[in-house]
Amino acid sequence: MNNNLEQSMFEEFSNACRKAGLKITPQRLAVYQCLAKSKEHPSAESVYQQVKKVYPNISLDTVNRTLVTLAKVGLAFTVEGSGDAKRFDANFDGHQHFKCLKCKKIVDFYYEPFKDIELPEKLRRKFEVVRKTFYLEGYCKDCKRE
Ligand SMILES: [Zn+2]
Ligand SMILES: [Zn+2]
């Protein structure tokens with residue numbers, strides 16, 4: 001991770017906190033950084049395992065609440081999907097997700113036509129859509145059934 005990226009990550013974080021009237025604490029920043037650097041779409045538990053190494057006193061509950069707060073102030077979002085622990089993402093680059101049902105891996109993919117897909121008139125009248133995403137579920141290469 002280069003310093004510029006680190007710097008812009010911090011700026012984004014502090015701007016969003018300031019706007020939301022949220023105090024910038026080292027723990028909050030650590031949770032955000034852990035999520036923003038990860039490509040794994042981690043659960044609260046796995047963010048906790050990482051952050052604990054630096055802040056041994058932090059609790060899973062605090063990490064969980066911090067992630068929910070980050071989502072509320074627009075720094076993160078939860079990845080769609082059901083059945084398992086909530087998974088988080090801090091990458092707002094319009095992308096789509098594939099989730100493996102066996103190893104629970106969530107992989108980003110980018111497919112332009114999915115980004116620009118037109119909604120039918122009926123839906124557009126009914127809802128104000130602010131984010132569109134595609135979510136695929138199945139088996140990854142390693143888990144593909146014979
Ligand atoms: Zn898999
Ligand atoms: Zn993602």
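A residue counts as buried if 20 or more other C-beta atoms lie within 10 Å of its own, exposed if 12 or fewer, and partly exposed in between, with C-beta atoms placed from the backbone. This is a predicted model, in which local features need pLDDT of at least 70, side-chain atom pairs count only at pLDDT 80 or more, and totals for chains, interfaces and linings use all residues. Residues are numbered from 1 along each chain as its sequence is written, while chains are lettered from A and ligands numbered from 1 in the order in which they are written.

Start with the whole protein. Its C-alpha atoms fill a box of roughly 45 × 45 × 30 Å along the principal axes. Of its 146 residues, 18% are buried. There are 6 helices and 5 strands. Here helices (H or I, at least four residues) and strands (E, at least two) are DSSP runs, numbered from the N terminus. Their order along the sequence is α-α-α-α-β-β-β-β-α-α-β. The protein is divided into domain 1 (3-78) and domain 2 (93-138); such bounds come from an automatic or database domain assignment. The two domain centres, taken over C-alpha atoms, lie 24 Å apart.

Now look at helix H2, residues 26-37. The expected span of a helix is 1.5 Å times one less than its number of residues. The 12 residues of H2 should therefore span 16 Å, and its end C-alpha atoms are 16 Å apart, which agrees. Ala-30, Val-31, Tyr-32, Cys-34, Leu-35 and Ala-36 of H2 are buried. The buried residues of H2 pack against helices H1 (3-20), H3 (44-54) and H4 (60-72), and against strand E2 (88-89). Contact requires C-beta atoms, placed from the backbone, within 7 Å.

Take the H4 partner. The axes of H2 and H4 are 10 Å apart, at an angle of about 70 degrees. Axes are lines fitted to C-alpha atoms, for helices over the stretch in contact, and angles run from 0 to 180 degrees between N-to-C directions. The two helices, H2 and H4, are therefore roughly perpendicular (angles of 65 to 115 degrees). On the H2 side, Gln-27, Arg-28, Val-31 and Tyr-32 meet Thr-62, Val-63, Thr-66, Leu-67 and Leu-70 of H4.

Finally, find Cys-140, in the segment after strand E5 (135-138). Is Cys-140 buried, exposed or partly exposed? Cys-140 is partly exposed, because 16 other C-beta atoms lie within 10 Å. Leaving aside residues up to four places away in sequence, Cys-140 touches Cys-100, Cys-103 and Lys-105. Ile-106 is 34 residues from Cys-140 in sequence, yet 9.4 Å away in space, C-alpha to C-alpha.

Key: Two residues are in contact if their C-beta atoms, placed from the backbone, lie within 7 Å. Angles under 35 degrees count as roughly parallel, over 145 as roughly antiparallel, 65 to 115 as roughly perpendicular and the rest as oblique.
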